[in-house]
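Subject: Handover of a structure

Hello,

I am passing a structure on to you, with notes on what turned up in it. Please keep the sequence open next to the notes as you read.

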Amino acid sequence: MTDRNKEKIHIVESGETIDGFRVGELYNEGGMAHLYHVTHPDWDIPLLMKVPKIKSGGPLSSFVAFEVEQRVMSRLKGKHFPTLAATGDMARCPYIVMEYIEGDDLHELVQQAPVQADAIRDVMVPVCHALHVLHQHNVIHLDIKPDNVRFRLNGTAVLVDFGCAHHTRIPDLLDTAFADGEGTVPYIAPEQVARVRSETRSDIFALGVILYQLATGELPYGRTNLISLKQRQVHEPPPPRYYNSKIPMWLQEIILRCLEIYPQDRYVSTKRIAHLLLHPEDVVLTKRARRKKRTAFFHRLMLWARSLYRVFDEGELVHPTDHLHHVPHVLIAIDLAHKAQQLQFALRDTIKKFSKSFSKSYFTCMTVFDEKAMEKSASSADSNSQVTTVAELQVALRNWGQALTIPKSKLDYQVLPGDPATTILDYAHDHMVDYIIVASRGSSAMRRFMGSVSTKVVAKAQCSVMVVRPQREDIDNE
């Protein structure tokens with residue numbers, strides 16, 4: 001953009017009115033834009049106006065990044081994104097007016113690091129869910145950092161600042177010509193250094209950096225310079241337990257897998273990370289979890305040698321939704337009290353076929369027990385009977401799952417109290433489950449009158465449900 005073109009564009013300043021928006025005081029000045037508080041008679045929510053730095057001091061890429069943000073925000077809807085109020089003419093007066101989200105919990109927590117694992121879980125699970133929804137919109141953020149995450153009063157995470165983002169369904173304006181605007185150095189994934197902007201798991205690397213910060217108070221690659229950018233392409237960072245020996249092994253496992261050099265070695269989705277943060281018992285511990293020292297010299301030499309023939313290639317564009325379609329989270333609802341062999345065989349056969357069709361899918365086996373009945377049983381026997389019964393259910397559920405021949409890292413187990421249909425539906429909603437597989441025990445008159453578990457799940461589930469039925473002779477024997 002030439003100086004002559006800059007002169008034609010109106011520069012927004014405090015105190016004036018632009019298209020009905022009264023511009024208030026400056027809220028923040030970033031590297032590429034100014035943010036102002038604004039008001040409008042038709043809007044009763046707090047608003048911010050974002051204006052690109054085009055008069056002086058702003059990089060050439062700021063104008064392009066601003067146009068990218070306009071395009072992306074106009075396509076984002078939902079609680080995890082600021083409401084878009086208005087946009088200005090790029091040729092006359094470029095601006096974006098959006099909802100102002102006050103909560104700065106993540107940035108504040110990073111300032112207090114290192115923090116406990118429970119605090120990390122509470123703040124990062126909503127962030128993982130927000131990123132998953134963003135990827136469902138076919139958008140890769142590419143600049144995830146504490147400053148770009150806000151929180152609503154109810155705890156919902158909101159993602160902001162989409163100037164570096166790539167919406168895979170529209171042309172990518174931020175190509176290699178504008179490399180200086182691509183992300184924030186400490187959080188940039190190795191493939192981003194190689195100018196790859198189409199990898200969903202680049203955002204997972206950035207999540208790993210934030211988790212590392214929260215757990216240790218340090219950045220995984222130290223000072224932000226050109227050397228640290230190159231290091232992340234060939235070297236592993238020091239394990240978090242090197243800085244903080246109190247970090248649980250399961251948390252280190254999650255962090256280091258997020259920070260794997262190559263995207264295919266990281267987690268398949270941010271939703272999977274959220275699940276493991278909520279259920280540490282499901283984290284499969286590998287050698288990552290046990291590391292306490294920096295990588296040995298010969299191992300670093302091996303990684304460097306591997307980098308000579310393993311390159312970061314843009315490859316064929318894979319839209320985030322297509323990637324997520326092939327890595328679904330499947331909830332298997334199992335009634336362990338129902339012993340009909342034909343139904344059990346049919347259920348296992350369906351799961352095996354599903355896992356074969358979706359080889360990257362992962363599963364949660366769930367059984368639900370009647371808490372009141374268990375308490376009644378416990379009061380009539382010894383005081384340890386309830387714990388023993390739950391433990392027996394857990395063992396029985398794992399034994400059931402072992403027959404599926406699904407890798408341990410892809411199979412989780414949940415034994416929960418409550419009403420079966422309600423518990424299944426709540427779990428599926430809270431964990432963003434993609435498919436529910438549930439067995440139907442038959443169609444007796446009582447079930448038709450009261451409503452079966454499978455019927456209730458099918459009626460109310462917000463995802464696809466597969467109902468497995470037994471052979472006809474098995475139904476007749478009930």
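Predicted model: local features only at pLDDT ≥ 70, side-chain atom pairs only at ≥ 80, totals over all residues.

Residues are numbered from 1 along each chain as its sequence is written, and side-chain values use heavy atoms, with hydrogens and water left out.

The sheet

Six strands make up an open, antiparallel sheet, in the order E1-E2-E3-E4-E6-E5. Strands here are DSSP runs of E with at least two residues, helices are runs of H or I with at least four, and both are numbered from the N terminus. Two strands pair if DSSP finds at least two bridges between them. At the edges are strand E1 (17-18) and strand E5 (84-87), each of which pairs on one side only. E5 is joined to strand E6 (residues 96-99) by three bridges in the antiparallel sense; Leu-84 has Met-98 in E6 as its bridge partner.

Helix H9

Helix H9 (residues 249-258) is largely enclosed by the rest of the structure, because eight of its ten residues are buried. Buried means under 20% relative accessible area, exposed means over 50%, and partly exposed is in between (1.4 Å probe, protein chains only). Among the buried residues of H9 are Trp-250, Leu-251 and Cys-258. Their cover includes helix H4 (117-136), helix H6 (202-216) and helix H10 (270-278).

Gln-70

Gln-70 sits in helix H2 (residues 61-73) and counts as buried, at 12% relative accessibility. Its side chain reaches the backbone oxygen of Gly-88 at 3.3 Å. Leaving aside residues up to four places away in sequence, Gln-70 touches Thr-87, Gly-88, Met-90, Tyr-95 and Ile-96 (contact means heavy atoms within 4.5 Å).

Ring pairs

There are nine aromatic pairs in the structure. Rings of Phe, Tyr and Trp (its six-membered ring) pair if their centres lie within 6.5 Å; planes under 30 degrees apart count as stacked, over 60 as edge-to-face and the rest as tilted. Tyr-27 and Tyr-100 form an edge-to-face pair, because their ring centres are 5.3 Å apart and their planes at 70 degrees. Tyr-27 lies in strand E2 (residues 21-29) and Tyr-100 in the loop between E6 and helix H3 (105-111), so the pair ties together parts 73 residues apart in sequence. Tyr-27 is partly exposed at 32%, whereas Tyr-100 is buried at 16%. Elsewhere, ring pairs link Phe-354, Phe-358, Phe-363 and Tyr-435 into a cluster. Both Phe-358 and Tyr-435 are buried.

Salt bridges

The whole structure holds 18 salt bridges, each a side-chain nitrogen of Lys or Arg within 4 Å of a carboxyl oxygen of Asp or Glu. One of them joins Glu-191 and Arg-266 (2.8 Å, N to O). This pair links distant parts of the chain, with Glu-191 in helix H5 (residues 190-193) and Arg-266 in the loop between H9 and H10, 75 residues apart. Glu-191 is buried at 2% relative accessibility, and Arg-266 is buried at 1%. Another salt bridge joins Lys-271 and Asp-434 (2.5 Å, N to O). Lys-271 is buried at 3%, while Asp-434 is partly exposed at 21%. Lys-50, Glu-69 and Asp-161 are linked in a network of salt bridges.

Regards

Terms used
Polar contact = N/O pair within 3.5 Å; in protein donor to acceptor, adjacent residues only side chain to side chain.
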